[in-house]
Amino acid sequence: MVTETDAHTPSKYDLLIARARETRDVVTVVAHPCDETSLRGPIEAGREGLITPLLVGPEPKIRAVAAQHDIDLNGIEIIDVPHSHAAADMAVALIREGKGEVLMKGSLHTDEFMRAVTSSATGLRTDRRISHVFVMDVPGHADTLFITDAAINIFPDLETKRDIVQNAIDLLHALGMTEPRVAILSAVETVTGKIPSTIEAAALCKMAERGQITGGLLEGPLAFDNAIDPEAARIKGIGGPVAGRAQVLVVPDLEAGNMLAKNLSFLSHADAAGVVLGARVPIILTSRADSVRTRLASCAVAALDAESRRKGKPKVAAE
């Protein structure tokens with residue numbers, strides 16, 4: 001039951017959205033928004049003052065969807081292209097030309113969209129590996145949880161995990177968290193050769209000690225309970241600032257991360273916004289099942305990241 005106090009307590013997403021409203025509107029190029037959710041999301045985000053949407057796709061189809069679902073396109077720029085493949089290519093080209101600061105996936109397949117993003121000749125790659133972060137509002141948990149990578153890298157090696165961790169830390173800096181607490185997850189909290197992810201977790205922590213990963217507090221390996229529950233960490237005798245209080249959860253591989261994120265979504269009724277990092281601009285990689293509120297939160301996160309990049313040093317483009 002929601003109490004009167006609960007009803008007036010802003011959710012974690014509400015706080016992110018409020019912060020994003022304070023930034024200058026970020027032009028967000030939306031590739032192929034040709035169903036209700038993928039069109040309503042960026043339009044609502046524009047009305048909320050989070051982004052300025054620039055739609056790329058078959059204009060007759062976009063307008064037909066808008067008319068069918070009573071979505072107001074007044075004042076919204078649409079660049080007409082014939083199909084989803086052309087929309088992905090054109091959206092990426094607009095970003096390369098500096099006409100947008102955020103890229104957003106519409107109602108096309110993720111593989112088709114990401115092929116345009118990762119093209120070595122015409123894409124948006126940088127010197128970093130591209131990775132994804134789920135931004136999860138879990139009911140009953142005090143902190144927003146950032147889970148990475150559960151969408152892009154299937155079985156990342158140590159060097160890729162270094163970039164996954166650094167991308168997440170940089171995102172939390174953009175959201176105003178100066179020294180994020182990062183847990184490198186495995187099945188157990190001890191290092192053992194029988195579980196390779198425990199060895200990689202220990203190596204990542206040593207890399208942080210040596211300055212190869214900067215800006216965050218790392219601890220690992222940690223089992224999931226030891227990472228997020230202070231009492232579980234106390235019982236195991238694990239001290240330090242991260243155990244039991246982690247904000248970022250770095251999973252061993254995509255399979256583990258995807259199952260963790262979906263368990264939280266479907267069993268704990270968590271909301272799961274998300275953003276792709278490591279490219280020239282933040283990328284909103286939404287699911288067709290995402291609610292409008294989740295898409296608003298994803299837009300807010302991407303807008304805050306874009307604002308931080310605007311103020312800081314741009315990433316180096318890959319050769």
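Trainee: Which residues does Arg-24 touch, not counting residues up to four places away in sequence?

Mentor: The model is a predicted one, and the answers should be read with that in mind. Arg-24 touches Glu-101, Glu-307 and Arg-310, leaving aside residues up to four places away in sequence. With Glu-307 the separation along the chain is 283 residues, yet the C-alpha atoms of Arg-24 and Glu-307 are separated by 7.7 Å.

Trainee: Where is the place of Arg-24, and how accessible is Arg-24?

Mentor: Arg-24 is in the loop between α2 (12-21) and β1. Its relative accessibility is 49%, so Arg-24 counts as partly exposed; the exposed class begins over 50%.

Trainee: Which strands are joined to β1?

Mentor: There are two to consider here. Strand β2 (residues 51-57) runs parallel to β1 and is joined to it by six bridges. Strand β4 (residues 102-105) is also parallel to β1, with four bridges between them. Thr-28 illustrates both pairings: it stands opposite Pro-53 in β2, and its bridge partner in β4 is Val-102.

Trainee: What kind of unit do β1, helix α3 and β2 make?

Mentor: With helix α3 (residues 36-47), the strands β1 and β2 make a β-α-β unit, and this unit is right-handed.

Trainee: In which sense does β6 pair with β5, and in which sense with β9?

Mentor: Strand β5 (residues 131-137) pairs with β6 in the antiparallel sense over three bridges. Between β6 and strand β9 (residues 248-250) there are three bridges as well, but the sense is parallel. In the former pairing, Phe-134 has Ile-147 of β6 as its bridge partner; in the latter, Thr-148 stands opposite Val-250 in β9.

Trainee: What is the phi of Asp-70, and what is the phi of His-269?

Mentor: Asp-70 is not a glycine, yet its phi is positive, at about 55 degrees. Asp-70 sits in the loop between α4 (59-68) and β3 (77-80) and is exposed, with a relative accessible area of 69%. His-269, likewise not a glycine, has a positive phi of about 60 degrees. Its place is in the loop between α11 (254-267) and β10 (271-277); His-269 is exposed, with a relative accessible area of 60%.

Trainee: Into which domains is the protein divided, and how far apart do their C-alpha centres lie?

Mentor: Domain 1 comprises 11-125 + 279-308, and domain 2 comprises 133-273. Their C-alpha centres lie 28 Å apart.

Trainee: How is the size of the interface read, and what area is buried between domain 1 and domain 2?

Mentor: An interface is often sized by the accessible area lost when the parts come together. Between domain 1 and domain 2 the buried area is about 1,200 Å², and carbon and sulfur atoms give 59% of it. Lys-12, Tyr-13 and Val-301 supply 46% of the area that domain 1 buries against domain 2, more than any other three residues. In terms of contacts, 16 residues of domain 1 meet 16 residues of domain 2.

Trainee: How many salt bridges are found across the interface of domain 1 and domain 2?

Mentor: Three salt bridges are found across that interface.

Conventions. Residues are numbered from 1 along each chain as its sequence is written. This is a predicted model: local features need pLDDT of at least 70, side-chain atom pairs count only at pLDDT 80 or more; totals for chains, interfaces and linings use all residues. Side-chain values use heavy atoms; hydrogens and water are left out. Two strands pair if DSSP finds at least two bridges between them. Helices (H or I, at least four residues) and strands (E, at least two) are DSSP runs, numbered from the N terminus. A crossover is right-handed if, with the strands pointing away from the viewer, the path from the first strand over the helix to the second runs clockwise. Buried means under 20% relative accessible area, exposed over 50%, partly exposed in between (1.4 Å probe, protein chains only). Domain bounds come from an automatic or database domain assignment. Contact means heavy atoms within 4.5 Å. Buried area is the accessible area (1.4 Å probe) that two parts lose on being put together, summed over both. A salt bridge is a side-chain nitrogen of Lys or Arg within 4 Å of a carboxyl oxygen of Asp or Glu.
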